[in-house]
Structures are given as C-alpha cells and as structure tokens.
Amino acid sequence: MIEARHLRVLRAVATTGSFSAAARELGCTQPAVSQQMKALEASVGTPLLVRSGREMRLTQAGEALVRHAAGIIAGLTAAEEEVAAIAGLRAGRVRLVSFPSGSSTLVPTALAALRDAHPGTRVSLEEAEPPRSVRMLREGDCDVALAFRYEGAAGDEEWDDLVVRPLLSDRLVGLLPERHRLARAKSLAIGELADEPWIAGCPRCRGQLVEVCETAGFTPRIDFATDDYPAVAGLVGAGLGVAVLPQLAIESVRPRGVRAVALEPAVRREIVALTLPDLAQVPAVAATLDKLAAAAAR
C-alpha cells in the first residue's frame, strides 16, 4: 500500500534531485529520506530511482508515480482541511427527522440558534412519526431523530442501542368545543368523556388514546381520525367531537373555538432526541442535540 508520507518524500526527491536536498526541504535527516524511499519501492515492487554517483533520476515508474502524486497529495490536503472544518463546526451537515408538532415548536428555535452559533453547519429536515423516524436513524437515513414515547407504554427497550437525549415531558390535555358542558372545568377525568364522539390523531397517539380510555373503563367511539393536528382542532371547534392532544401539539396549532382542559390522572409522553453512539461524537450532531435541549428548556 502506498502511503501519503512516502509520496511527499518522492516528490521532494524528484524536485530537488537528491536525498540530502530533499531532507533539508522536508526538515528531516538524509537517512530518513533514504529509508522512506526504500519502503516506497518495496510497496510498489519496482525501482523508482536510479542512483549514479551523486546524481539521481526517476525511472519510468518513478515518473508515473510523481505525476499522480501531485493530485493525490492535493486531494488529501483538501480532505484534511474539510475534515478539520467539520470538526471545528465551520462546516458540516446534519439530517434531522422530527414529528410534526416538534417540527413546528422545538425545531425552529433550535435550528435558528444553531445557525447563529455555527453558520457553516447545514441542517436538512424531514417529517416522520416514530417508530418510522427511529427506523430511519438505524438505517442511516438521518443523523438525529426527534421522537416520543408514552409513559408506561410497552416497548421502552426499543431505544437501548441509541443515544437518548431527554428534552421534555409533554402532558396530554383534553380538547373540547368551547361550548361543551365541561369546557370550563379546571380538569377532568377521561371517563367523563366516555359518551362523546372522538377525533383521533396519529396511529401511535390513537393507540395510546384507546389504551387510556380502556383503562378508564370504556372504548372510545372514534368518528374521525387524522394525522393533521390543525384538522383535529378544526373538527373539535366545529363541535364534531372531543380529542386528546399533547400540549406541544396544541401550542403548534393555536386552535380556535376549542378549550384545552387538563386530564387527571396526568398522561404524559417523553420527548427525546435520538442518535447513534458513533454519530454523537460528530461535533455538528452534538451541537444539534445541545440546541434542541436548549429549545425544550425555554
């Protein structure tokens, strides 16, 4: 295998015409230059220099290698500079995947702060709900996944192989038409809504709703289901049913014609940022995690 340090020595020898002159240019000893040239010739399996007294000339193989050496060394130098820029956060790329209510609340604040602190770091954003977002992370389709899971839900071990950065605990609240008989209550038990028509959200949220309701002793009659939080709020505001949404989702849609009422006992979902252990060492990814945590703490 040809090593870059050997190519640099060969190029210096070819330019200066001798081992001693090359050693002065490279800041090393003449024996060191001689040893590295022997190692390079052993690597390629053919002589690269013809020595005649004090003079030295390149063989045909030596000329070919010197011709390629310039481009190889230039490419390595450019690669070293680019890696140094990424390590110093003067450059870099982060692929972020987030669920919708996170995209409209936590992500904008975090990315604005990241851009201010590290303007050379570029972030792309794609939306996906867990578990798809977590699968994308494991399959190499993103670098950071903003995800959630409900307290007490099955599958808590699904993130054991990932770096988990806790962001916030997001409480579920009841969403009622503003003229509903319970709309002015300070809090309510979900069982008080047992006879109401329901509007359900994303598949994971829908499953959690059914589980919470069944724990309270009833099965919700779901008349409408949509992944779109503004649509949920609109349907509730039109008096077509009630819903349960995370507080973060309500902040993101600013619903009209509805009232948010706290549920007792409290039901929460854990909001986290996920990445792979190796990716957590990448400066741009670590900075993104930090900014997401700071946005959640505001």
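Which backbone atom lies 2.6 Å from a polar atom of the side chain of Thr275? I looked and found the backbone oxygen of Asp143.

**Entry 1: ground rules**

I am working on a predicted model, where local features need pLDDT of at least 70, side-chain atom pairs count only at pLDDT 80 or more, and totals for chains, interfaces and linings use all residues. Residues are numbered from 1 along each chain as its sequence is written, and side-chain values use heavy atoms, with hydrogens and water left out.

**Entry 2: Thr275**

I placed Thr275 in strand β12 (residues 268-275). Helices (H or I, at least four residues) and strands (E, at least two) are DSSP runs, numbered from the N terminus. Buried means under 20% relative accessible area, exposed over 50%, and partly exposed in between (1.4 Å probe, protein chains only). I then listed contacts (heavy atoms within 4.5 Å). Leaving aside neighbours within four places in sequence, Thr275 is in contact with Leu137, Asp143, Leu162, Val163, Ala280, Val285 and Leu289.

I found Ser98 in strand β3 (residues 92-98). Ser98 has a relative accessible area of 0% and is therefore buried. Which backbone nitrogen does the side chain of Ser98 reach? It is that of Ser103, at 3.2 Å. Beyond four places in sequence, the contacts of Ser98 include Val107, Leu125, Glu126 and Leu146. I also checked Val144: it stands 46 residues from Ser98 in sequence, and the two C-alpha atoms are 8.5 Å apart.

I went on to Thr105 in helix α5 (residues 100-117). Its relative accessibility is 18%, so Thr105 counts as buried. Its side chain reaches the backbone oxygen of Ser101 at 2.5 Å. Not counting residues up to four places away in sequence, Thr105 touches Leu248 and Ser252.

**Entry 3: aromatic rings**

I used this rule: rings of Phe, Tyr and Trp (its six-membered ring) pair if their centres lie within 6.5 Å; planes under 30 degrees apart count as stacked, over 60 as edge-to-face and the rest as tilted. How many aromatic pairs does the rule give? The count is two.

Phe99 and Phe148 make an edge-to-face pair, 5.1 Å centre to centre with 85° between the planes. Phe99 lies in the loop between β3 and α5 and Phe148 in strand β5 (residues 144-150), so this pair ties together parts that are 49 residues apart in sequence. Phe148 also pairs with Tyr150: the centres are 5.9 Å apart and the planes at 80°, so this pair is edge-to-face. Phe99, Phe148 and Tyr150 form one aromatic cluster. Both Phe99 and Phe148 are buried, and Tyr150 is buried with a relative accessible area of 5%.

I also saw that the charged end of Arg269 sits over the ring of Phe148, 4.4 Å from its centre. The test for this is NZ of Lys or CZ of Arg within 6 Å of the ring centre and within 35 degrees of the ring normal.

**Entry 4: helix α8**

In helix α8 (residues 229-237), I listed Tyr229, Val232, Ala233, Leu235 and Val236 as the buried residues. Seen down the axis of α8, they fall within an arc of 160°, so they line one face of the helix. The arc is that of the directions from the helix axis to the C-beta atoms. At the start of α8, a side-chain oxygen of Asp228 reaches to within 2.9 Å of the backbone nitrogen of Ala231. Just after α8, Gly239 takes a positive phi of about 80°.

**Entry 5: strand β10**

In a regular strand the side chains alternate between the two faces of the sheet. In strand β10 (residues 243-246), I found both faces covered, with Ala243 and Leu245 buried on one side and Val244 and Pro246 buried on the other. Strand β6 (residues 163-177) pairs with β10 in the antiparallel sense over four bridges; two strands pair if DSSP finds at least two bridges between them. Pro246 in β10 is the bridge partner of Leu172.

I noted a cis peptide bond between Pro130 and Pro131, with omega about 10°. The bond from Glu264 to Pro265 is also cis, with omega near -5°.

Technical notes. Polar contact = N/O pair within 3.5 Å; in protein donor to acceptor, adjacent residues only side chain to side chain.
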